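Me: I'm new to this structure and would like a close look at one part of it. Could you walk me through that part and then show me how other places compare?

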Amino acid sequence: MMMNVVVTGAGGFVGRELVRKLLAAGHHVTGIDTHESGIPEGARAIAGDFGDAAVRANALAGGCDALVHLATVPGGAAEADPAASRRINVDAMYDLLLEAGVINPGLRVVYASSIAVLGDPLPALVDDATPLSPKMIYGGHKAMMEHAVAMFSNRGLIDGVTVRLPGILARPKGPSGMKSAFMSDLFHALKAGETFTCPVSAAGTIWAQSVRRCAENFMHALTLDCALLPPARAVTLPAQRLTMGDLAAEIARQCGVSPELVTYAPDAALEAAFAAQPPLYTPAALRAGFAHDGDPATLVANALSSI
Ligand SMILES: NC(=O)c1ccc[n+]([C@@H]2O[C@H](COP(=O)([O-])OP(=O)(O)OC[C@H]3O[C@@H](n4cnc5c(N)ncnc54)[C@H](O)[C@@H]3O)[C@@H](O)[C@H]2O)c1
């Protein structure tokens, strides 16, 4: 069934991939982003700050059967400017949920949360019972808004689905404000046959998913039966757990270059926050029909195809 889907952050890394998929599936898409340039052709593009009520009203005026909320002040930027994170990641999102729910009560909302809600250090294993214990401003604000999605769903204002994303690969080169961007930078370096100094150790473990698989999970979230979700409406997406050394070896193999191009100079804070991920079990997400890429070779091939 064709839907009018409003996507915030439509010009971003995940947003572009998702908008292309939505358009290909025959949906009408309204994309909001700070700049129009990144929003894929074919979408109704709204350029501006979604913290501005007029921008939100303009976007919703085209009709909204479903809302995918991706726009965010990312982790590094939120840590540097907590007030900006509060304004965008909390207050503006809260307003957007209220306004969308008034225009179309009970509409499907898919919210991109993050494994940052779990905090660090993580316990010996993470599963659906692991409590949220964020440390970064970004993760704290994401956790707060997971509760807002659940509360507004319980009140019938929206029909919310929160998906917690692991490291998504491989984002475009260049500054992103994301502290985890080194994972993607590894892909760019090896694809170009260049050396790379990895800021976490070879034995450091990450949870990862390709952007292609991630967009497919968002497509699924738009229509899934919410009775399959836990009461809090939030799931940690399935992800593959692999070491940076194994990831580098597989990228190098597929790019036909030597894994010796990568040297390791671990930064303790980055290692603790992004490369000390224990075994991950996500039965709630699997039950609801979400998936990871399958195996490391497919993850790497999917990620390479996006850069
Ligand atoms: N990429 C990852 O590895 C990852 C991991 C965990 C969670 N997430 C979450 O997934 C979502 C999408 O991530 P991404 O990697 O595509 O991020 P991104 O930074 O590439 O894209 C976000 C987009 O939102 C836009 N945006 C930010 N603030 C805005 C504002 N006030 N008004 C309008 N547009 C604004 C940005 O211009 C950007 O294009 C985010 O909510 C992020 O927190 C991503």
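Is E250 buried or exposed, and what is its relative accessibility?

Reply: Keep in mind that this is a predicted model. E250 counts as buried, because its relative accessibility is 15% and the cut-off for buried is under 20%. Its partner tells another story: the side chains of E250 and R253 meet in a salt bridge, at 2.7 Å from N to O, yet R253 is exposed, with a relative accessible area of 56%. Both residues sit in helix α8 (residues 244-255), three residues apart, which is about one turn of the helix.

Salt bridges like this turn up elsewhere too, and the count comes to 10. In general, side chains of opposite charge can pair when their charged atoms come close. Take helix α7 (residues 211-223), which is where H220 is found. There the side chains of E216 and R213 meet in a salt bridge, 3.0 Å from N to O. Being three residues apart in helix α7, E216 and R213 are separated by about one helical turn. E216 counts as partly exposed, at 30% relative accessibility. As for H220, that residue is partly exposed as well, with a relative accessible area of 25%. The C-alpha atom of H220 is 7.3 Å from the one of F290, though the two residues are 70 apart along the chain.

Now for a salt bridge that reaches between helices. R56 forms one with D95, and their closest N and O atoms are 3.8 Å apart. This pair links distant parts of the chain: R56 belongs to helix α2 (residues 53-60) and D95 to helix α4 (residues 82-103), 39 residues apart. R56 counts as buried at 3% relative accessibility, while D95 is partly exposed, with a relative accessible area of 31%.

Helix α4 also brings us to the aromatic rings. The structure holds two aromatic pairs. In one of them, the rings of Y94 and F152 have their centres 5.1 Å apart and their planes at 65 degrees, so the pair is edge-to-face. Here too, distant parts of the chain are linked, with Y94 in helix α4 and F152 in helix α5, 58 residues apart. Y94 counts as partly exposed at 34% relative accessibility, but F152 counts as buried at 4%. In the other pair, F182 and F274 have ring centres 6.5 Å apart and planes at 70 degrees, so this one is edge-to-face as well. F182 lies in helix α6 and F274 in helix α9 (residues 268-274), so the pair ties together parts that are 92 residues apart in sequence. Both F182 and F274 are buried.

Helix α6 (residues 182-191) deserves a look of its own. Eight of its 10 residues are buried, so the helix is largely enclosed by the rest of the structure. Among those buried residues are M183, L186 and H188. After α6 comes G193, whose phi is positive, near 70 degrees.

For a contrast, go out to the surface. Y94 turns up again there, forming a nonpolar patch with L98 and M151, and together they have about 230 Å² of accessible area. M151 is found in helix α5 (residues 137-154) and counts as partly exposed, at 34% relative accessibility.

Methods. Residues numbered from 1 in each chain as written. Predicted model: local features only at pLDDT ≥ 70, side-chain atom pairs only at ≥ 80, totals over all residues. Heavy atoms only, no water. Buried < 20%, exposed > 50% of the residue type's maximum accessible area, 1.4 Å probe, protein only. Helix = DSSP H or I, 4+ residues; strand = E, 2+ residues; numbered from the N terminus. Patch = residues over 30% accessible without salt bridge, like charges linked within 9 Å, V, L, I, M, F, W, Y side chains within 5 Å. Areas by Shrake-Rupley, 256 points an atom, 1.4 Å probe, with all protein chains shown as cover. Salt bridge = Lys/Arg side-chain N within 4 Å of Asp/Glu carboxyl O. Phe/Tyr/Trp six-rings, centres within 6.5 Å; stacked < 30°, edge-to-face > 60°.
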